[in-house]
Amino acid sequence: MTRYYFDHNATTPVAPEVLDAMLPLLREDFGNASSIHHYGQKAKQHLETARRQVAGLIHAEAREIVFLSGGTEADNLALFGVVRNAPRACKHVITTAIEHPAVLGACGQLEREGVEITRVRVGSDGVADPDDIRRALRPETVLISVMHANNELGTVQPLAAISKIAREAGVVCHSDGVQALGKIPVDVEALGVDLYSMSGHKVYAPKGEGALYVRKGTPIRSVQFGGHHERDQRPGTENVPGAVALGRAAQWFTDNFSEESERLQALRDRLEAGILARVPGASLNGGAAPRAPNTSNICFDGISGEAHVIALDLRGFAVSSGAACSSGAVEPSHVLLAIGLTADQARGSIRFSLGRLNDAAQVEALIEAVAETVGRLRNLSPAGRAHA
Amino acid sequence: MPENGLIAVAMSGGVDSSAVAGMLHREGVPVIGLTMQLWNQRRLPEVASGGGAGRCCSLDDVYDARQVAAHLGIPYYVVNFEERFEREVVRPFIEEYLAGRTPVPCTLCNNFVKFGQFLEMAESLGAGRIATGHYARIRRDAETGRHLLCRAVDESRDQTYFLWGLTQDQLSRALFPLGEYLKPRVREIARGLGLPVAEKGDSQEICFVPNGDYAAFIDAYFREQGIGRERTRGEIVTADGRTLGAHEGVHRYTVGQRRGLNVAIGKPLYVIATDPATQRVIVGRDAELLKASMTVASVNWIAFPALTAPMRAAIKIRNKHAAAPATLYPSPDPARVEARFDEPQRAVTPGQAAVFYDGGLVLGGGWIA
């Protein structure tokens, strides 16, 4: 069976040029970047080149990039590092209801440790209103954490306006940029954020590598303890092959960004037009907001997204519905519930996320497969027959 | 109905359902494995047992099922039926206890989840039939065209007591390959197929209740739902109205129970009934537990469409009961039947199932009213 991958927001394959760049670091250039000898120096050079490449993609300075294990660690370092460093006794953090579990889970733990959390609601367009963030400010607010692009909807949050509010209030501003990097332009100066989380495996580098942008002067402390790596912000021998892979991946996006995002947007627009034309009772989630060009979230009335995803997988099409829990079963998405969908609508929604593996012919095949699958599922379900 | 013959196997991660998947796959039948996620084990942490081994939907069981599917090379998915399971099985289970009855959650699960939502999911995925690891047999009556349910070859494993609620449509789309085998033979087959679960122990009876302590489960569920304990407290009384003491929860008592009464009047006392209106537990002597007749409600007939005349049958009134000879009498309400035992039976318990047998054949069944 030919298989097609339409789940690039879940993860991406390692790109050929990325693999080529990292392989020497696993073989001959295997040194510990902290060692003083030749091997260490070679590794250190590669590490710093990678740091410049990542910084270049987001318009930061190289010394503002901290390499770590991935998006979840970046979010945890940002939240715990800022909150623990804040001198006051009462602390308050503002975030949104549609954050990734890496942020929501960290906020939940902070809450158990006595920190007050405000989770600002979003509109039905999947976008947070900066005025709501402003209204949530308190004298004891120490951090605002708002994602850049949402993983399920692709909706882009008004980060520049939010960081302005933070700056005026003297509050640190963090953004989880895991789903934005490589999909929409990221300029930490223009965005005005102090901290920005990135993940390697969403941009064609391997799993287990990520980075946190830490604006110079941001009040943050390490949350792990050990050696003096990464300017004392993240102890532990650097994963040089991973950092080199992330650097090379960042370089690819620096070189190919406009071309690739335009290509993906054209494919995504064709996918949406095709599905909405072919399938009755289908509607776009978050379609009214500015979105990452590769992401499409579509609600199919009256059918189970879980059955839909499995049925498409059995035909060779990999798509996603909701978030997988530990057993691998699907739970209704908190993001879709937050934009006002009913539990049934959330369960009936499918996320298609495009990337480098996809082309126009695959998109046509996907439209065809979705139309057929939805038609068959509707014929089986009493609720679905209304649309048949 | 799909023509490709695809069969969805309900895989629990245990040796039985794993053997079913393996046997069908070996025969060349196209198979897809599905594990039903029925209960979130992160809920009710106070009753969680260490590691959750042997409980439904534990990560270990999903891991095992996934390993078996990978070993066989069949497509495998976990499907989330938690919402339906709570609505159709867990809540009714609790409400039955509070209503003074002793429920059989496995039957509810079979009727509404395993042969309900699971069958729908299978059909959605293009599988016309499902297979499970139940010990029971299905026969098609050539004359009437009806699908008949029969006891398993392995009498000690027979699960027909939990399957009396299946409709003809459900039976027509179900396969119980293990009904023909003795359990040791099933393990041999699992070993022969090299299944990683071949030596795994048997699961317990009520899958979502850790260690079989359903009273602790109900207490924890009440706390989670914010339901006060006073809803379950009451008095322990005799049939003639004498109060002997108080109890901490009506769901802790079932008809025929002797232990845990904590009242002494010099002779052995047994629970003979519970009164849902007052939450009273009524106790009495052993002889008061004997009943010669009962009404069975929500009756489902399998062997024939309806009972039109009195009929002889052997009736099981709980899973481990040796079926007792009796006569079934039709009632004006076709969903009810009157049963008169040849010999009075001990602890006829409202809420339990009554299953009617003719030898190895399941005639039908219903709930003891």
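Me: How many Å apart do the C-alpha centres of domain 1 and domain 2 of chain A lie?

Reply: In this predicted model, local features need pLDDT of at least 70 and side-chain atom pairs count only at pLDDT 80 or more, while totals for chains, interfaces and linings use all residues. Residues are numbered from 1 along each chain as its sequence is written, chains are lettered from A and ligands numbered from 1 in the order in which they are written. Domain 1 of chain A covers 4-11 + 257-387 and domain 2 covers 16-253, with bounds from an automatic or database domain assignment. The C-alpha centres of these two domains are separated by 28 Å.

Me: Which element gives the most to the side of domain 1 of chain A that touches domain 2 of chain A?

Reply: Residues are in contact if their C-beta atoms, placed from the backbone, lie within 7 Å; domain 1 of chain A brings 23 residues and domain 2 of chain A brings 25. Helices (H or I, at least four residues) and strands (E, at least two) are DSSP runs, numbered from the N terminus. On the domain 1 side, at least two residues each come from α8 (240-278), β10 (295-300) and α10 (334-338) of chain A. With three residues, the most comes from α10(A).

Me: From which element comes the largest share of the side of chain A that touches chain B?

Reply: Here 14 residues of chain A meet 13 residues of chain B. Two or more residues on the chain A side come from each of α9 (305-314), β13 (330-331) and α12 (360-380). The largest share, five residues, belongs to α9(A).

Conventions:
Two residues are in contact if their C-beta atoms, placed from the backbone, lie within 7 Å.
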